Amino acid sequence: MQRQARRKPRRILSKLFLALVLLVAVVGGYWFGLIPQRWSPLSPISLDERPPFLVDPRLSVLRFDPALCHAILKEPHIDASPIPDRATGANCGWTNAVKFTHVGGAQIGVEPLTCEMAVALTLWVEHEVQPLAREMYGQEVVRLGDMGTYDCRNIVGNPMWKGVRSEHASANAIDISGFTFANGHSISLKRDWKRQGKDAEFLRAVHRRSCRYFRVSLGPDFNAAHHDHFHFDRGLMWSCR
Ligand SMILES: [Zn+2]
């Protein structure tokens, strides 16, 4: 009887351990984009509406599913077209990437950017930036300031990550420097982020709202290297600053 009593807590502990392992496996599967859409209980993400919840796992599933990702990227939301995979050097190059000239009603010249990032960017521009622009300025953003996507380099500005490849090295990141409205008014992070007033409020609000879509979303408050742009990526780290 005593032996049986001792075994019971052990059985409970082993069941708890197995449940924990299963939970870690499921969360990790979604985080790395390893759970295919056909096995996922979550519906595919759509550009037609602002996704209400579970945005990150519905984006990460697109990483290894080019067919699904390209089927989602449609006009009038974005004029994306796929470009061939390319390896350009040590841990540099891209897979499942696209090029485009407009996104969410705003012009921008981008090539290459991973398909997963292009979906995240479209959702942010169309369902966060443009509604806020209409609300605060009564007009839409017609151009996004672009400081580039692909660059075969390591992370800069942070000694802790010295020697680590940037997400830019795999075209899984984009740098945005500002916004131009339909009436010609333009806002730049370099000039307006630290000022008082509506333009600074707009920049801070669109930055806050970007964190639903990008795993890493860094602005001028993060460090000096980002004084003039937002850095967005969908790598494996998480940071919203
Ligand atoms: Zn960047």
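Two residues are taken to be in contact if their C-beta atoms, placed from the backbone, lie within 7 Å. The structure examined with this criterion is a predicted model. Under it, and leaving aside neighbours within four places in sequence, Val 119 is in contact with Ile 45, Leu 59, Leu 62, Cys 69, Ile 72 and Leu 73. Val 119 also belongs to the largest nonpolar core, which has 48 residues. Within this core, Leu 73, Ala 118, Val 119 and Ala 120 touch the most other members. Helix H4 gives the most to the core, with eleven residues.

The chain as a whole was described next. The protein chain has six helices and eleven strands. Its C-alpha atoms fill a box of roughly 80 × 40 × 40 Å, taken along the principal axes. Of the 241 residues, 34% count as buried. Among contacts between residues at least 6 apart in sequence, 55% join residues at least 24 apart.

Helix H4, which spans residues 115–137, packs with helix H6, residues 198–210, at an angle of about 155°. The axes of these two helices are 10 Å apart. Angles over 145 degrees count as roughly antiparallel, and the angle found here therefore makes H4 roughly antiparallel to H6. The crossing of the two helices is right-handed. On the H4 side, the residues involved are Trp 124, Glu 128, Val 129, Leu 132 and Met 136. These meet Lys 198, Phe 202, Ala 205, Val 206, Arg 209 and Ser 210 in H6. By type, the residues of this contact divide into seven nonpolar, one polar and three charged.

Two positions towards the end of the numbering were examined individually. His 231 is in strand E10, residues 230–233. His 231 counts as buried because it has 22 C-beta neighbours inside 10 Å, where 20 or more are required. Not counting residues up to four places away in sequence, His 231 touches Ala 173, Asp 175, Val 216, Leu 218 and His 226. The C-alpha atoms of His 231 and Thr 149 are separated by 9.6 Å, although the two residues are 82 apart along the chain. Gly 235 lies in the loop between E10 and strand E11. With 17 other C-beta atoms within 10 Å, Gly 235 is partly exposed. Its contacts, again not counting residues up to four places away in sequence, are Glu 167, Asn 172, Arg 215 and Val 216. The C-alpha atoms of Gly 235 and Arg 165, 70 residues apart along the chain, are separated by 11 Å.

The backbone was also inspected. Most residues other than glycine have a negative phi, and most peptide bonds are trans. The peptide bond from Glu 75 to Pro 76 is cis, with omega near 0°, and Pro 76 is placed in the loop between helix H3 and strand E1. The bond from Glu 111 to Pro 112 is cis as well, with omega near -5°; Pro 112 is in strand E5, residues 106–114. Positive phi values, near 55°, occur at Asn 91 and at Ala 171. Asn 91 is in the loop between strands E2 and E3, and Ala 171 is in the loop between strands E6 and E7. Asn 91 is exposed, with 12 other C-beta atoms within 10 Å, whereas Ala 171 is buried, with 29.

Methods
Residues are numbered from 1 along each chain as its sequence is written. This is a predicted model: local features need pLDDT of at least 70, side-chain atom pairs count only at pLDDT 80 or more; totals for chains, interfaces and linings use all residues. Axes are lines fitted to C-alpha atoms, for helices over the stretch in contact, and angles run from 0 to 180 degrees between N-to-C directions. Helices (H or I, at least four residues) and strands (E, at least two) are DSSP runs, numbered from the N terminus. Angles under 35 degrees count as roughly parallel, over 145 as roughly antiparallel, 65 to 115 as roughly perpendicular and the rest as oblique. A crossing is left-handed if the near helix is turned anticlockwise from the far one by less than a right angle, and right-handed if clockwise. Ala, Val, Leu, Ile, Met, Phe, Trp, Tyr, Cys and Pro count as nonpolar, Asp, Glu, Lys and Arg as charged, and the others, Gly among them, as polar. A nonpolar core is a set of buried Ala, Val, Leu, Ile, Met, Phe, Trp, Tyr and Cys residues joined through C-beta atoms within 7 Å.
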